[in-house]
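Subject: Structure handover

Hello,

I am passing on the structure we spoke about.

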Amino acid sequence: MLSNSYVVVFPVTYAMDKRVGLMVFRALIFADYLNLLFKWILNGDRPYWMDATLRQFPVTCETGPGSPSGHAMGTSAVWGTLARHLSGDSTAALRFGCTPILIWSTFGAMLSMVGLSRMYVACHYLYQVITGVICGVVTAKYTADYNTVLHALSHQTHVVAAVGILATGLLTHAVLEHLGADPSLSLAKAQSACRESSWLHVDTTPFFVLFRSAGAIVGLGIGKTLDTAYGGDIASYDAPRRAARLLLVIFILYLLEYHMPTFDSEHTTYATSVVTYAAKPIVVCALL
């Protein structure tokens, strides 16, 4: 679900309304990063760690702590941002034939499906899903409330923010280790409980999320600057050209998300994630 937000939701919303697209992307980054910190601090167990009889799937063996649910938090942040925008903008709502009841009913149905699926695959308990939804809704609210301020930030400020993300993440990890609450213990639990080692993926590790968030915020600053200096307006193109450019962007993002080379070294993988996720908003802003 979160991968789809990077690959599909962000470029589609950006193509329809650049300011809304950037707001959605910010909500996604904030939710991703805050979820990491909350997981380290709360250090919740996952169902498949605690009950060996539960059925496991290829998507079950995530390696970070379980609370709050990252999928629930990311989904509620991204779609909550969109729902708030559509329900508060009558012009946009009419354009898509939406009413507030339809908008929020769809939002609720989507969250329910995500939450139920995460519990079904033994990744989360109910309280972890509910906590994720609440955190995501709050993230969406404050992202929308401060969108004007955030939109005015320079690319240099985005670089500083990325350094801040890395610094606070590493500091949080170090402090928790010093206090005796090892945040990396979740990886050992996942390796012990997962029935298939091939289901363990480095892109579910907390440090991957940390570096992904930092890369995305840098790319957002660069992409916004490029769009201001050289960007056109996709709305001025005819429908076939708009569709072709959007499909091209989604295809590039798909390649960046699912077909990047893998490395044995975790450090190389983390460094690659910075570049990959920085490239995504740059591609969207440059081509749309």
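Predicted model: local features only at pLDDT ≥ 70, side-chain atom pairs only at ≥ 80, totals over all residues.

Residues are numbered from 1 along each chain as its sequence is written, and side-chain values use heavy atoms, with hydrogens and water left out.

Helix H9

Helices here are DSSP runs (H or I, at least four residues), numbered from the N terminus. H9 covers residues 155-178, and its 24 residues should span 34 Å at 1.5 Å a residue; the expected span is 1.5 Å times one less than the number of residues. The C-alpha atoms at its ends are 35 Å apart, which agrees. Among the buried residues of H9 are His158, Ala162, Ile165 and Gly169; buried means under 20% relative accessible area, exposed over 50% and partly exposed in between (1.4 Å probe, protein chains only). Glycine 180, with a positive phi near 90°, follows H9.

The largest pocket

A pocket is an open set of points on a 1 Å grid over the protein atoms alone, where a 1.4 Å probe fits, with protein on both sides within 12 Å along at least five of seven lines; lining residues have an atom within 4 Å of a point. The largest pocket has 50 lining residues, and Ser3, Asp203, Thr204, Arg212 and Glu257 lie nearest its centre. Helices that each supply at least two lining residues include H1 (2-16), H11 (206-230) and H13 (266-287).

Aromatic rings

There are 14 aromatic pairs in the structure. Rings of Phe, Tyr and Trp (its six-membered ring) pair if their centres lie within 6.5 Å, and planes under 30 degrees apart count as stacked, over 60 as edge-to-face and the rest as tilted. Tryptophan 104 and phenylalanine 107 have ring centres 5.5 Å apart and planes at 80°, so they are edge-to-face. Both lie in helix H6, three residues apart, which separates them by about one helical turn. Tryptophan 104 is partly exposed at 38% relative accessible area, whereas phenylalanine 107 is buried at 11%. Ring pairs also join Tyr6, Phe10, Tyr14, Phe25, Phe208 and Tyr277 in a cluster.

A contact across the sequence

Valine 218 belongs to helix H11 and is partly exposed, at 21% relative accessible area.

Regards
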